[in-house]
Amino acid sequence: MIEWDDKYSVGISVIDEEHKEFINIINMAIVTKEHNDNPEEIREVLHKMVKYALTHFATEETYMIKFNFSGCQLHRNEHLDFADKAVANINKVINGDYQVANEILEYLKQWLLNHIQGTDRKYIDCFNENGLYNAGLNKDLQIFRFKSYPP
Ligand SMILES: [Fe+2]
């Protein structure tokens, strides 16, 4: 099982809270794989993925548009790929193929590594500069903290 860790944080609480939901989804996928693609659990994981795409991606994209973030379109393409992955697997399930837990889990693991720990970090400076950072932390301190992360 994967636990929330500071290495996943973008230092913006509103986004970190939603990313914690992603950790819940990945853990559900781990359990589903262990349960040999239990159909009920597969459906639940896919349902959560769609819900996450609709809510969390909307949060990030709203800020990107509001703050005129230059990497918005590329970032959005990754979000669309995630949604496509969920839909493709829903179609498999509709067609009676429930053996999808492993494929979903591998995709979610890559997402955590490449998107949450990679792509999402690219908007941090832009969001910070536009005043979005953890409440209670000095803005300069917050930026300093991000810069201290390994590249
Ligand atoms: Fe994102």
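The legends below describe close-up views of a predicted model.

**View 1. Helix 1 along its length.** Helix 1 comprises residues 13-34, a run of 22 residues. From its first C-alpha to its last it reaches 32 Å, close to the 32 Å expected at 1.5 Å a residue. Helix 1 is followed by N36, and the phi of N36 is positive, near 55°.

**View 2. The buried and exposed sides of helix 1.** The buried residues of helix 1 are I15, H19, F22, I25, M28, A29, T32 and K33. Because they cover an arc of only 155° around the axis, these residues lie on the same side of helix 1. The face turned away from this buried side carries the exposed residues E17, K20 and E34.

**View 3. The buried residues of helix 4.** In helix 4, the buried positions are A101, I104, L108 and W111. Among the elements that cover them are helix 1, helix 2 and helix 3 (72-94).

**View 4. The largest nonpolar core.** This core holds 14 residues, and the members that touch the most others are I25, A29, V45 and I104. At least two residues of this core come from each of helix 1, helix 2 and helix 4. In soluble globular proteins, nonpolar side chains tend to be buried together.

**View 5. The surroundings of A29.** A29 is buried in helix 1. Leaving aside residues up to four places away in sequence, A29 touches V45, A101, I104, L105 and L108.

View 6. L108 has its place in helix 4. L108 counts as buried because 24 other C-beta atoms lie within 10 Å, and the cut-off for a buried residue is 20 or more. When residues up to four places away in sequence are not counted, L108 touches I25, I26 and A29. L108 and M49 are 59 residues apart along the chain, and their C-alpha atoms are separated by 9.7 Å.

Terms used
Residues are numbered from 1 along each chain as its sequence is written. This is a predicted model: local features need pLDDT of at least 70, side-chain atom pairs count only at pLDDT 80 or more; totals for chains, interfaces and linings use all residues. Helices (H or I, at least four residues) and strands (E, at least two) are DSSP runs, numbered from the N terminus. The expected span of a helix is 1.5 Å times one less than its number of residues. A residue is buried if 20 or more other C-beta atoms lie within 10 Å of its own, exposed if 12 or fewer, and partly exposed in between; C-beta atoms are placed from the backbone. The arc is that of the directions from the helix axis to the C-beta atoms. Two residues are in contact if their C-beta atoms, placed from the backbone, lie within 7 Å. A nonpolar core is a set of buried Ala, Val, Leu, Ile, Met, Phe, Trp, Tyr and Cys residues joined through C-beta atoms within 7 Å.
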